[in-house]
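Visitor: I would like to learn how to read charged pairs and strand pairing in a model. Please take one feature at a time.

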Amino acid sequence: MAPTNPQVILLKEGTDSSQGVPQLVSNINACQVIAEAVRTTLGPRGMDKLMVDGRGKATISNDGATILKLLDVIHPAAKTLVDIARSQDAEVGDGTTSVTLLAAEFLKQLKSYVEDGLHPQTIIRAFRTATHLAVNKIKEIAVSVKKDDKQEQRQLLEKCAATALNSKLIAGQKEFFSKMVVDAVMSLDELLSLKMIGIKKVQGGALEESHLIAGVAFKKTFSYAGFEMQPKRYDNPKIALLNVELELKAEKDNAEVRVNCVEACGGSIQTTVSSLTDNVLGQCELFEEVQVGGERYNFFKGCPKAKTCTIILRGGAEQFTEETERSLHDAIMIVRRAIKNDSIVAGGGAIEMELSKYLRDYSRTIPGKQQLLIGVYAKALEIIPRQLCDNAGFDATNILNKLRAKHAQGGMWYGVDINNEDIADNFAACVWEPSIVRINALTAASEAACLILSVDETIKNPRSSMDGPPGGGRGRGRGRPHAH
C-alpha cells in the first residue's frame, strides 16, 4: 500500500480563514449592520445618535463620519464603509450618511446574485459602467450658476448652506447660521483655506448670540498687575509677537494665538525683546477686549494680511455646541465647494430618482447579465428617497411610486417634500446641493461595493492581531518565548 502523503500545514495553527460565497455574504451582512447604525440620521427628520466612549465622554451627533469614527468597527470589510464616509467628509464635507447607505444598499441588492453564484467580476464590471453613466448624467443635468451677479451667487450659497444644515440639530436656526457661514467663507481669500475660519465655543447664552468676527479672536491668555486700569480698546495698534514666556502657562494656548496672529496680522515671531523694529511688528485696525459669557476675549479686527474670521458659538450643553460646530463645518465645506464648482443639483432624493430612471431605461437597451445588474444599481439608488420617507414616518412605497411616475413624465427635479408628506419640485423649493457632493458619493459608494465584492477570502492570523478573544486574549505571550 502506497504511503499516504503527510498533511501540508500552510498556515499557523489557530489561523482562521474563510472563503468563497459564504465569505462574501458575511461581508455583505457586516456592511448592513454599519448602515443600520447611520440609517436613521439621514435627512431633515433624521434622529441623532448618542455615543459614549470608554472614558464616559458623551457625543451627540448626526454626522455620518463622526458616528462611524466613534463606533469601534472591528470587522475588516465593514471598515471600508467607515473609510468611504471619512473620504467623503474630507473631500466634500457633507453627504457622509448618504455614501454609507448607498454602498450598503448596493451590496444588499446584490446579495441574492452572489448567493446564486454570479461571478463578482461580472458585477463589478456592470457597476463601473453604471457609475460612469450616472456621473456623466449628473454633469449633464446639473445647473450651473452665474458667478457674475454677486447678489445671486450669495443667495445660492445661502440655499446650499441651509440645505446642509437642514438635517442637523440647529435646523431651526438655519437662516441665521447659513448667513453666518456664507459671510465667513466670503471673507476668505481665493484659496478658501479652512484654517482661516476659527470656531470658538463659549458655554452659556443662546444659540442666537453666536456671532462672526472679522479677524482673530481668542481667550484672554494672560493677565498682569494693574491690567484692570488699561484701556480695553486700541485703534491701529502695533502687535509684537513674542516667543518669550511672559508667565508660566500651558504652551499650547500661547502657540495657537501666535500662529493665528502671524497669519492674520503680519509681522514675525521674535524670541527676544531687544531688537523690536517696525518691520517685525504686525498690526490691525482695532484691538479690543470683550466679555463673552463667563470669559474675556481678545479680538483683533481688520487684519491687513490674511482674510480670516472667527465664529464664536454660544449654547447650553457642551455636547450641543460641539455638534453645532460639526454642523457648521459641513455647511462651510459645502459653501466652499459651491464657490469652487458652481454647478448644483436638487437634493431630497431628486437626483437619485432621476439617475435611477435613467439607468433603468439604459439597462433595457443592453442584453445579458449587464442588463440585470445595471437595473440593480438603479434600484439601489432609491434607498436615499426611501430612507428620507422612513425617517420622517411617511409611507415610503406610496411616495416612491409617485416619484417614479413623475420622473417618467419628465419631472426631473422632483424629490421628497418633507414638510407636506408628498413630492415636490425640489429645485424650485431650493433644496440644493453642489453636484460634486453627489458625484463623489456615487463614485465612493460604488468603489466600496466593488472592493468588498472582490474579496473572497479573509485570513486572520491569531498571533499577529492584537485583538484576541476578549478577556485573556490581550497581550498573550509578550515577554515569554513561544513554544514553537
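Predicted model: local features only at pLDDT ≥ 70, side-chain atom pairs only at ≥ 80, totals over all residues.

Guide: Residues are numbered from 1 along each chain as its sequence is written, and side-chain values use heavy atoms, with hydrogens and water left out.

Visitor: How many salt bridges are there by the rule used here?

Guide: Side chains of opposite charge can pair when their charged atoms come close. The rule asks for a side-chain nitrogen of Lys or Arg within 4 Å of a carboxyl oxygen of Asp or Glu. The count comes to 20 salt bridges. One of them joins Glu322 and Lys57, with the closest N and O atoms 3.4 Å apart.

Visitor: Is Glu322 buried or exposed?

Guide: Buried means under 20% relative accessible area, exposed over 50%, and partly exposed in between (1.4 Å probe, protein chains only). Glu322 is buried at 16%, whereas Lys57 is partly exposed at 39%.

Visitor: Where do Arg154 and Glu158 lie?

Guide: Both lie in helix 6 (residues 150–166), four residues apart, which is about one turn of the helix. Glu158 is buried, with a relative accessibility of 18%. Through shared partners, salt bridges join Arg154, Glu158 and Asp183 into one network.

Visitor: What is the order of the three strands in the open sheet?

Guide: Strands of a sheet pair through backbone hydrogen bonds, either parallel or antiparallel. Two strands count as paired if DSSP finds at least two bridges between them. Here the order is 5-15-6, with mixed pairing. Strand 5 (197–203) and strand 6 (211–213) are at the edges, each with a single partner strand, so one side of each has no neighbour in the sheet.

Visitor: Over how many bridges do strand 5 and strand 15 pair?

Guide: Strand 5 and strand 15 (residues 309–315) pair over seven bridges, in the parallel sense. Gln203 stands opposite Gly315 of strand 15.

Technical notes:
Helix = DSSP H or I, 4+ residues; strand = E, 2+ residues; numbered from the N terminus.
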